[in-house]
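Me: I am new to this structure and would like to go through it step by step. Could we begin with the terms and then turn to the details?

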Amino acid sequence: MAPDRLERMGCADGVVVVGNYYPPCPEPRRTLGTSRHSDPAFLTVLLQDYDMPGLQVLVGGEEEEDERRQAWADVPPVPGALVINVGDLLQLVSNGRLRSVEHRVVANGSRDGRARVSVAAFCNADLSARTAARVYGPIEELVSSSSAPPLYRSVTVPEFLSHYDGKGLDGRPALDYFRLPRA
Ligand SMILES: O=C(O)CCC(=O)C(=O)O
Ligand SMILES: [Fe+2]
């Protein structure tokens with residue numbers, strides 16, 4: 001695959017930067033900072049607060065494996081390091097070769113009154129009228145009719161986002177909805 005393939009597809013033409021603020025929580029075991037989700041973008045570049053942990057990723061198990069084998073693993077902040085998350089749309093265009101990671105943020109249990117802050121840059125398509133109708137599906141070079149049939153149908157980014165937003169935080173991957181039936 002050409003090194004600039006994703007760039008040419010416009011996967012990072014629209015970058016949205018979001019700041020997350022987690023105030024201290026008096027009963028952190030009873031809630032979460034951010035519920036489990038995967039990011040509805042191609043790629044996320046995340047800056048965590050340098051000494052406030054909280055981010056966890058779900059590890060141990062392929063999609064259809066027994067859920068009991070999955071566990072939450074801490075992603076400790078490393079000063080100066082950025083966390084890179086594969087998002088749902090990169091999983092779709094890579095035909096499942098790259099996996100979008102489920103993650104969550106536990107509530108901030110700090111006792112000294114400090115808030116946790118994180119900054120996420122979501123790389124996505126440009127959703128202006130000119131390009132929003134662009135269709136994204138598994139990249140041709142990664143698909144073969146015999147060994148790697150397409151796993152997902154093609155979508156526009158607004159169509160994907162509207163499904164993602166509409167389904168709510170039900171713990172089910174938004175991508176499942178766009179999976180093609182097995183041959
Ligand atoms: O606060 C964090 O470390 C992660 C936030 C997050 O998952 C998101 O903004 O999508
Ligand atoms: Fe996220």
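Reply: We may begin with a term: a residue is near a molecule or strand if one of its heavy atoms lies within 4 Å of it. This is a predicted model, in which local features need pLDDT of at least 70, side-chain atom pairs count only at pLDDT 80 or more, and totals for chains, interfaces and linings use all residues; side-chain values use heavy atoms, with hydrogens and water left out. Residues are numbered from 1 along each chain as its sequence is written, while chains are lettered from A and ligands numbered from 1 in the order in which they are written.

Me: Which residues are around ligand 1?

Reply: The residues around ligand 1 are Asn20, Tyr22, His37, Asp39, Leu46, Leu55, His103, Val105, Arg116, Ser118, Ala120 and Phe122. By class, this shell has 6 nonpolar, 4 polar and 2 charged residues. In this scheme Ala, Val, Leu, Ile, Met, Phe, Trp, Tyr, Cys and Pro count as nonpolar, Asp, Glu, Lys and Arg as charged, and the others, Gly among them, as polar.

Me: Which strand gives the most to that shell?

Reply: Strand β8 gives the most, with 4 residues. At least two residues of the shell come from each of β1 (14-22), β7 (103-106) and β8 (116-124). Helices (H or I, at least four residues) and strands (E, at least two) are DSSP runs, numbered from the N terminus.

Me: How far is a polar side-chain atom of Tyr22 from an oxygen atom of ligand 1?

Reply: The distance for Tyr22 is 2.8 Å. For Asn20, an N or O atom in the side chain is 3.0 Å from an oxygen atom of ligand 1, and for His37 a polar side-chain atom lies 3.2 Å from an oxygen atom of the ligand. Taken alone, ligand 1 exposes 300 Å², and the protein buries 93% of that. Such areas come from the Shrake-Rupley method with a 1.4 Å probe; for residues, only the protein chains shown count as cover.

Me: Now the metal. What are the protein donors of the iron ion?

Reply: The iron ion is ligand 2, and its protein donors are His37 (NE2), Asp39 (OD) and His103 (NE2), lying 2.1 to 2.2 Å from it. Donors are N, O and S atoms within 2.8 Å of the metal (3.2 Å for Na, K and Ca); water is not among the atoms, so sites may look incomplete. Along the chain the donors follow the spacing H-x1-D-x63-H.

Me: Are His37 and Asp39 buried or exposed?

Reply: Both His37 and Asp39 are buried. Buried means under 20% relative accessible area, exposed over 50%, and partly exposed in between (1.4 Å probe, protein chains only).

Me: Back to the strands. Which residue is the bridge partner of Val57 in β7?

Reply: The partner of Val57 is His103. Strand β4 (residues 55-59) and β7 pair in the antiparallel sense over 3 bridges. Strand β2 (residues 32-37) is also joined to β7 by 3 bridges and runs antiparallel to it, with Leu32 having Val106 as its bridge partner. Two strands pair if DSSP finds at least two bridges between them.

Me: What about β6: which residues are on its covered face?

Reply: In strand β6 (residues 83-86), Val83 and Asn85 form the covered face, whereas Ile84 and Val86 form the uncovered one. In a regular strand the side chains alternate between the two faces of the sheet. Strand β3 (residues 43-47) is joined to β6 by 4 bridges in an antiparallel arrangement, and Val45 stands opposite Ile84.

Me: A change of topic: where does Asn95 lie?

Reply: Asn95 lies in the loop between α2 (88-93) and β7. Its phi is near 55°, a positive value in a residue other than glycine. Asn95 is buried, with a relative accessible area of 7%.

Me: And where is Ser100?

Reply: Ser100 is placed in the loop between α2 and β7. Ser100 counts as buried because its relative accessibility is 12%. Its side chain makes a polar contact with the side chain of Asp88 (2.7 Å). A polar contact is a pair of N or O atoms within 3.5 Å; within protein, one must be able to donate a hydrogen and the other to accept it, and residues adjacent in sequence count only if both atoms are side-chain atoms.

Me: Last one: is Pro181 buried or exposed?

Reply: Pro181 is exposed, with a relative accessible area of 72%, and its place is in the segment after α3.
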